[in-house]
Amino acid sequence: MTEPNDLPILLIVEDDEGLQRQLKWAYDGYRVVIAGDRASAIEALRLHEPAVVTLDLGLPPDPDGTEEGFATLTEILRLKPDTKIIVASGHGSRESALKAIALGAYDFYRKPVDIDDLGLIVARAFHLHDIEAENRRLEAENGTAVLGSMITSAPEMLKVAKTIERVATASVSVMLLGASGTGKELLARAVHDNSGRKGAFVAINCAAIPENLLEAELFGYERGAFTGAVKSNIGKIELAEGGTLFLDEVGDIPLPLQVKLLRFLQERVIERIGGRQPIAVDTRIVCATHQDLEAMIAAGTFREDLYYRLAEVVVKIPTLAERAGDAVLLARHFVNRFAREMNPKVQGLSPDAIAAIDSYSWPGNVRELENRIKRAVIMTDGKSVGAEDLDLPGSGDEEPASINLRSAREIADRKAIRQAMTRTENNISSAAKLLGISRPTLYDLLKQYRLQA
């Protein structure tokens, strides 16, 4: 028989005491927690961390309206984004339903409440929550290759990949915003590879070419257009005909050339330098920058009309420090790759290297990680890359935010167990001694936190 404390927790946020009692006794398959207002709902969320919440929009001090209910919905999702919230209301049902779903609610139910119908919705919400939690666990254990070649298990990067997949087939310009080394060109190529366009993928770094040569590189030139132009040359825009042109560091394009690029985006025709004949070109533009283009627009160094032509869809790329677990995942990938190419005796990363990689902030992002692993594989004398081979200047100590003390304790436990298991090469007895606990206790913790031995 299932103990009450082992039952899934259902939080019911409802100010009607009669309905509270009715709902509490209707669901014997759950451990039901009741809250009558926003403050007590948030307190219950922190204390019990329920997977599913039913929420009445008409809460005090605004029981006849919906403002307090929507505020509660927003705060619950801010604190625990994976919560499945089922909103119930009799106030302007259609408008309330649309707003609730837009804010992130799982489902909407119109009052008066039918216990059986609501019970089916609740059961479905718990089932979906369990599936999503299991998927996150498997992704964290195994990592995921997305968009063909991008390796990640971080939800932030998986969200970026889904966005890329959706916009790839649409006829829109895409702007990738991210720090240096975050993989902007890899994502730009993914846009092209998933677009179905048959032409070439052509990349150009606008910051790496002198201003007086950039126009010729982009638009091409006719013979005799300037001194040294002994023959005609097509530019990158024409080379990408039927395909995709990736403009990296687009913020470095000088203002006069921005005008000519804007004309191409509006009319889809170009003129080579020294030419008089308009040339129609079907080239998709994907651009990227690490600069603040909105600040540049305000300063008058980047055209606002060009920005809106280039940024029909904006994709923000997280830094490697924001992609929890990806640094070690990518490090293992790079070690395997460079070992095959340069030093076959290297078989992996040492425990101290894993700990160092996991704690370092990686200001240079994936590019820095790749370069450090490449150098370490070449220079190491042993079979494993050690922390000293990486030559890291320091490590970051920031901890993820927690919604309550239990969550903070779990984060600390997980970190300590991972470090102990890594340092002892997964030896249970040695790890337990390092942690100052018994072997059965360590086995229980591994099972509780679903950590692999």
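Helices (H or I, at least four residues) and strands (E, at least two) are DSSP runs, numbered from the N terminus. The model is predicted, so local features need pLDDT of at least 70 and side-chain atom pairs count only at pLDDT 80 or more, while totals for chains, interfaces and linings use all residues. Residues are numbered from 1 along each chain as its sequence is written, and side-chain values use heavy atoms, with hydrogens and water left out.

An open sheet is built from five strands in the order E2-E1-E3-E4-E5, with parallel pairing (two strands pair if DSSP finds at least two bridges between them). Strands E2 (31-35) and E5 (107-110) are at the edges with a single partner strand each, so one side of each has no neighbour in the sheet. Between E3 (residues 52-56) and E4 (residues 84-89) there are five bridges; Asp-56 has Ala-88 of E4 as its bridge partner.

Contact means heavy atoms within 4.5 Å; axes are lines fitted to C-alpha atoms, for helices over the stretch in contact, and angles run from 0 to 180 degrees between N-to-C directions.

| Helix | Strands | Angle |
|---|---|---|
| H3 (residues 67-79) | touches E3 and E4 | about 160 degrees with E3 |
| H4 (residues 93-103) | lies across E4 and E5 | about 160 degrees to E5 |

After H18 comes Gly-436, with a positive phi near 75 degrees.
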